[in-house]
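Welcome! Let's look at this structure together and ask how each description of it is reached.

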Amino acid sequence: MHKKRPQELTPADATIARLRDELYQARRTILDLMPGDIREILTSYYHCETSKATYTWDDEVAAALIDLAKPLPNAAPGSIPNRAYCPLCQRGSSSPYAEGFALTEGLRRHLLGWGDVQRCDVMDAAIALARESWRRRFEAADAAEAAKEREQKEQRKRTENLYRLGPNEDPLLIDESVGYGRAARDPTQLMWAEQRLSALGFQVVAEGRIKSYTQSDKGFVVYADPRAEGEISFRVYWMPQPKKFGRRYAQFSLKDAWKHDLVTKYKTRLVAALSQQ
Ligand SMILES: [Zn+2]
C-alpha cells in the first residue's frame with residue numbers, strides 16, 4: 001500500500017496521528033498508575049511471542065487479577081467472604097444493595113465485559129494496548145503465514161483427488177471444511193465408505209481427479225460426502241435448482257457405527273429431507 005510521506009500529511013491526518021499518540025499515552029498513564037504487581041500483569045501482553053499465544057491472554061489476566069482481589073470482610077457471620085471490589089478501578093457492581101462484585105463470576109464479567117456489563121475502564125485500556133502491540137508485531141508474520149497456507153492449499157489442489165459435494169460446488173480436498181475437530185478418512189477407510197455408498201445405490205463419478213458420489217431420481221439428486229471419519233453426510237439438491245432465494249439443499253447423515261437396515265435408514269432420512277423444500 002502507498003504510504004504518505006510525513007510532508008504529505010493532510011491537517012486531518014496530522015490531527016488523527018496526534019490524537020492516536022495522545023490516546024496511547026493516556027492508556028499508558030492509566031497502567032502506570034496501577035501498583036507494581038498489577039501493572040506487571042496488565043503489561044504482560046508484551047511477553048506474547050506469537051499471535052497464537054495471545055488467544056488466551058484476556059482470560060489469564062482476568063484470572064490473575066481475581067486472585068489479587070481482596071474479599072470484603074463484611075459477609076454474613078460464618079459465611080465465606082464472596083464479594084470484592086475491582087482491584088483495578090476499585091469499583092463495585094451498580095446494585096445499591098451489594099458492595100463490590102460477586103467472586104468470581106461477577107468480577108470476571110466486570111473485567112472482561114459481558115452482555116450488558118460494561119468492561120472495566122482500566123482493563124479496557126490494557127486490552128487496547130495489548131491489541132495494538134500485537135497488531136504491530138504480528139501483522140506481517142500472520143499475513144505471511146496465511147499466504148503460505150493458501151499457497152500450500154493451491155498446490156495440493158493441483159495434484160490431489162478432489163471431491164464435489166453439489167452440482168455447482170467447487171471441488172474440495174479430502175480434509176477441506178470437514179468440520180471442526182473431524183479428521184479425513186485414510187484410503188482404506190475411504191474405500192469402506194465408498195462400498196457403503198454403492199450398497200445404498202450411489203454411483204461414483206470420476207472426472208479426472210474430481211470424484212463425486214451421487215444418487216438421482218425424478219426431481220432431485222443426492223451428493224454424498226464420505227470424506228470425514230465417523231459418518232457419511234448427504235446433501236439433497238432439488239432439480240431443477242430453485243431460483244436465487246430458494247434453499248440450496250437439505251442434508252442428513254448416516255453414522256459409520258450403524259450396521260442394520262441401512263437402506264431403510266437412508267430412505268427415511270431422504271424422504272424427510274425432501275419434505276423440507
Ligand atoms: Zn474495574
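Q: What makes the span of helix α5 (residues 121-159) agree with its number of residues?
A: This is a predicted model, and the reasoning is a simple check. At 1.5 Å a residue, the 39 residues of α5 should span 57 Å, and the end C-alpha atoms are 53 Å apart, so the two agree.

Q: Where does α5 bend, and by how much?
A: The bend is at Phe-138 and comes to about 55°.

Q: Which residues of α5 are buried, and what covers them?
A: The buried ones are Val-122, Met-123, Ala-125, Ala-126, Ile-127, Leu-129 and Ala-130. Their cover includes α1, α2 (36-42), α3 (57-68) and α4 (105-112).

Q: How do you know whether α1 lies largely in the open or is largely buried?
A: Count its buried residues: the number is 1 of 22, so α1 lies largely in the open. This helix covers residues 11-32 and reaches 31 Å from its first C-alpha to its last, close to the 32 Å expected.

Q: Why is Leu-42 called buried?
A: The cut-off for a buried residue is 20 or more other C-beta atoms within 10 Å. Leu-42 has 22, so it counts as buried. Leu-42 is part of helix α2. Setting aside residues up to four places away in sequence, Leu-42 touches Leu-31, Met-34, Val-61 and Ala-126.

Q: Why does Phe-234 count as buried?
A: The same cut-off of 20 applies. Phe-234 has 26 C-beta neighbours inside 10 Å, so it passes and counts as buried. Phe-234 sits in strand β7 (residues 231-238). Beyond residues up to four places away in sequence, Phe-234 touches Val-222, Ala-224, Gln-251, Phe-252 and Ser-253. Between the C-alpha atoms of Phe-234 and Asn-82, 152 residues apart along the chain, the separation is 52 Å.

Q: What makes up the largest nonpolar core?
A: A nonpolar core joins buried residues of nonpolar kinds through C-beta atoms within 7 Å. The largest has 21 residues, and those with the most contacts inside it are Leu-65, Leu-88, Leu-111, Cys-120, Val-122, Met-123 and Ala-126. Two or more residues each come from α2, α3, α4 and α5, and α5 gives the largest share, 7 residues. Apart from this core lies another, of 18 residues, among them Tyr-213, Val-222, Tyr-237 and Leu-254.

Q: Which residues does Cys-120 contact, leaving aside its neighbours within four places in sequence?
A: Cys-120 is in contact with Cys-86, Leu-88, Cys-89, His-110 and Leu-111.

Q: How many helices and strands does the chain have, and how do you know whether the chain is spread out or compact?
A: The chain has 7 helices and 8 strands. Its radius of gyration is 29 Å, well over the 19 Å that the globule rule gives for 277 residues, so the chain is more spread out than a compact globule. The C-alpha atoms fill a box of roughly 70 × 70 × 40 Å along the principal axes, and buried residues make up 18% of the 277 residues.

Q: Which domains are assigned, and how many Å separate their centres?
A: The domain assignment gives domain 1 (6-140) and domain 2 (162-274). Taken over C-alpha atoms, the centres of domain 1 and domain 2 are separated by 48 Å.

Methods. Residues are numbered from 1 along each chain as its sequence is written. This is a predicted model: local features need pLDDT of at least 70, side-chain atom pairs count only at pLDDT 80 or more; totals for chains, interfaces and linings use all residues. Helices (H or I, at least four residues) and strands (E, at least two) are DSSP runs, numbered from the N terminus. The expected span of a helix is 1.5 Å times one less than its number of residues. A residue is buried if 20 or more other C-beta atoms lie within 10 Å of its own, exposed if 12 or fewer, and partly exposed in between; C-beta atoms are placed from the backbone. The radius of gyration is taken over C-alpha atoms; the globule rule is 2.2 Å times the number of residues to the power 0.38. The bend at a residue is the angle between axes fitted to the seven residues ending there and the seven starting there. Two residues are in contact if their C-beta atoms, placed from the backbone, lie within 7 Å. Domain bounds come from an automatic or database domain assignment.
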